[in-house]
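Please walk me through this structure in short steps. I am new to it and would like a plain account.

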Amino acid sequence: MRWNSLLAFGICLAHYSTFEADYYIGAIRLLNSARAYSPAGGGNTSDGDSIISGTVSPPARGPEVHSGQPFGQFPHIHIGHVNHLPLKP
Amino acid sequence: MCKIDITLSCSEASDLCGQDYFDILDYVTEICDSVSLVTQKSNGLSANGHLILEKLHPFINEISDAESWPGTKLFGHTARLYKYAYNRDVASLLKSVTSCLFNWIQPDYPEDLCLYRPDGSVWMTTISHERDGYLSITPVEIADIKVKLPSLHALLLI
């Protein structure tokens with residue numbers, strides 16, 4: 001049963017492109033980073049910068065703001081397809 | 001004259017594409033004399049993206065590392081900002097590259113197409129990854145757009 005599960009997992013993984021695999025590896029790293037920041041009450045823009053540069057391999061952007069625009073007027077980052085992860089200024 | 005920011009009512013379902021987009025690029029050759037694009041290291045640039053920068057290079061006015069450009073401000077890092085002359089040749093080149101305003105997104109394209117008047121003020125701002133764009137225009141320009149580009153006027157959230 002375990003081998004069947006592993007095989008199924010392997011087949012699923014093979015269907016992902018390199019980008020997708022990188023995306024999930026990056027997401028796990030990001031989750032670990034976020035856990036490290038959460039006891040202090042969340043990350044700020046500086047933390048966001050180190051998260052982007054140090055732990056995430058898929059396409060990412062930020063920390064950034066889009067002044068005057070309702071969706072992005074506060075500092076945030078994007079990881080892959082994830083929108084607007086807010087940061088403390 | 002007072003300028004107002006007017007958002008383009010484009011969404012994921014209704015990008016500004018095809019002839020409407022081409023018409024804007026042609027129309028602004030009479031209004032704007034420069035255009036900018038940005039690239040960010042974290043998002044990479046494909047061979048197609050590099051090719052676009054090569055094609056545009058003869059029209060380059062300025063390359064700089066910028067913390068901000070119309071619509072976006074970064075914290076603690078910079079992006080490469082390319083400013084080009086804008087004229088009919090560049091408009092044709094931009095039209096040949098992609099047929100949708102919000103296609104300007106890495107890795108296949110440089111990002112955030114923005115257009116500037118000769119005095120340096122911004123006429124059109126786009127934030128490609130947010131699928132957001134707006135025009136900073138005067139009431140006179142709005143009236144002109146209504147006559148010359150009714151399809152664009154219909155997209156303005158006035």
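**Rings, strands and a helix in chain B**

The charged end of B:Lys83 sits over the ring of B:Tyr116, at 4.1 Å from the ring centre. Such a contact counts if NZ of Lys or CZ of Arg is within 6 Å of the ring centre and within 35 degrees of the ring normal. B:Lys73 does likewise with B:Phe75: it lies over the face of the ring, 5.5 Å from the centre.

A word on the basis. This is a predicted model, in which local features need pLDDT of at least 70, side-chain atom pairs count only at pLDDT 80 or more, and totals for chains, interfaces and linings use all residues. Residues are numbered from 1 along each chain as its sequence is written, chains are lettered from A and ligands numbered from 1 in the order in which they are written, and side-chain values use heavy atoms, with hydrogens and water left out.

Now follow B:Tyr116 into the strands. Helices (H or I, at least four residues) and strands (E, at least two) are DSSP runs, numbered from the N terminus. Strands pair if DSSP finds at least two bridges between them. B:Tyr116 stands opposite B:Val122 in E8(B). Strand E7 (residues 111-116) of chain B and E8(B) run antiparallel, joined by two bridges. Five residues lie between the strands of this hairpin, and B:Gly120 takes a positive phi near 90°.

Strand E8 (residues 122-127) of chain B is mostly covered, with five of its six residues buried. Buried means under 20% relative accessible area, exposed over 50%, partly exposed in between (1.4 Å probe, protein chains only). On to the next strand. E8(B) is joined by four bridges to strand E9 (residues 132-137) of chain B, and the two run antiparallel. B:Met124 stands opposite B:Leu135 in E9(B). The E8(B)–E9(B) hairpin has four residues between its strands, and B:Arg131 in the turn has a positive phi of about 50°.

Next comes a helix. In helix H4 (residues 139-148) of chain B, the residues B:Glu141, B:Ile142 and B:Ile145 are buried. They lie on the same side of H4(B) because they cover an arc of only 105° around the axis, taken from the directions from the helix axis to the C-beta atoms. The face turned away from the buried side of H4(B) carries exposed B:Val140, B:Lys146 and B:Val147.

Last, the ring pairs. Rings of Phe, Tyr and Trp (its six-membered ring) pair if their centres lie within 6.5 Å; planes under 30 degrees apart count as stacked, over 60 as edge-to-face and the rest as tilted. The count comes to four aromatic pairs over all chains. One of them is B:Tyr21 with B:Phe22, tilted, at 5.9 Å centre to centre and 45° between the planes. Both B:Tyr21 and B:Phe22 are buried.
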